[in-house]
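Please read this report with the sequence and the 3D structure side by side.

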Amino acid sequence: MASSPPSDRKYLQSHEWHQRDGDSVTIGITQAAADELTDITFVELPAIGAMLEAGKPFGVIESVKATSDLYSGVSGTVMDVNEQLRSAPGLINNDPYITGWMIKVKMSDPTQLDQLLSLEDYVKSSGH
């Protein structure tokens, strides 16, 4: 059984989670998305210092089943990238909420997080 998404995060309908830490946010994908993709084989993430725009793709995730864009719910600058995913993208399948995080972003407008879905709304909208 897939673990339910943590309630301490905000979500996008496209299955990305956002965990706030001050004026920065860590982004990854939900267990439901990882399970849907099955075996994740590759993740393309932005470089540190890249500028992200809310609602726009920041990277690509590939699996044996599909290739999907990854979206950010906030605008800002990439501060950190999970380098482990380059050699071990399966970390996302195993633990998308802790070891499978993707990027950390310094938000240019933290109020954008308020527009993202709560856990309850995400579950309602996605059926997960």
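## Charge and surface

Among its side chains the chain carries 9 positive and 18 negative ones, and the centres of these two sets lie 4 Å apart. The model is a predicted one, and this applies to every value in the report.

The chain exposes about 6400 Å² in total, and carbon and sulfur atoms supply 50% of that area. Of the 128 residues of the chain, 43% count as buried.

## Overall form

The chain has four helices and nine strands. Read from the N terminus on, these elements run in the order β-β-β-α-β-β-β-β-β-α-α-β-α. The radius of gyration of the chain is 13 Å, which is close to the 14 Å that the globule rule gives for 128 residues, so the chain is as compact as a globular protein of that length.

Along its principal axes, the C-alpha trace of the chain spans about 35 × 35 × 20 Å. When contacts with a separation of 6 or more are considered, residues 24 or more positions apart account for 62% of them.

## Two aromatic pairs

How many aromatic pairs does the chain have? The count comes to two. One of them is formed by Tyr11 and Tyr122, a stacked pair with 4.8 Å from centre to centre and 20 degrees between the planes. Tyr11 lies in strand E1 (residues 10–11) and Tyr122 in helix H4 (residues 119–126), so this pair ties together parts that are 111 residues apart in sequence. Tyr11 is buried, with a relative accessible area of 0%, and Tyr122 likewise counts as buried at 0% relative accessibility.

Trp17 and Tyr97 also pair, and their ring centres are 6.3 Å apart with the planes at 40 degrees, so this pair is tilted. The pair links distant parts of the chain, 80 residues apart, with Trp17 in strand E2 (residues 16–21) and Tyr97 in the loop between helix H3 (91–94) and strand E9 (103–107). Buried or exposed, what are Trp17 and Tyr97? Both of these residues are buried.

## Positive phi values

His15 is found in the loop between E1 and E2, and its phi is near 80 degrees, a positive value in a residue other than glycine. At 15% relative accessibility, His15 counts as buried, because the cut-off for that class is under 20%.

Thr38 is placed in the loop between helix H1 (31–37) and strand E4 (40–44). The phi of Thr38 is near 65 degrees, which is again a positive value in a residue other than glycine. With a relative accessibility of 29%, Thr38 counts as partly exposed.

At 59% relative accessibility, Lys65 counts as exposed.

The C-alpha atoms of Lys65 and Thr38 are separated by 6.9 Å, although the two residues are 27 residues apart along the chain.

Pro6 is found in the segment before E1. Leaving aside its neighbours within four places in sequence, Pro6 is in contact with Tyr11, Tyr97 and Leu119; of these, Tyr11 is a member of the stacked pair and Tyr97 a member of the tilted one. Pro6 and Thr30 are 24 residues apart in sequence, and their C-alpha atoms are 9.2 Å apart in space.

Met107 is found in strand E9 and is buried, with a relative accessible area of 6%. If residues up to four places away in sequence are not counted, Met107 touches Arg20, Gly22, Asp23, Ser24, Val25, Val74, Ser75, Gly76 and Leu113. Asp8 and Met107 are 99 residues apart in sequence, and from C-alpha to C-alpha they are 18 Å apart in space.

Note on methods
Residues numbered from 1 in each chain as written. Predicted model: local features only at pLDDT ≥ 70, side-chain atom pairs only at ≥ 80, totals over all residues. Heavy atoms only, no water. Helix = DSSP H or I, 4+ residues; strand = E, 2+ residues; numbered from the N terminus. Rg over C-alpha atoms; globule rule 2.2 N^0.38 Å. Buried < 20%, exposed > 50% of the residue type's maximum accessible area, 1.4 Å probe, protein only. Contact = heavy atoms within 4.5 Å. Areas by Shrake-Rupley, 256 points an atom, 1.4 Å probe, with all protein chains shown as cover. Lys, Arg positive; Asp, Glu negative; His and termini not counted. Charge placed at Lys NZ, Arg CZ, Asp CG, Glu CD. Phe/Tyr/Trp six-rings, centres within 6.5 Å; stacked < 30°, edge-to-face > 60°.
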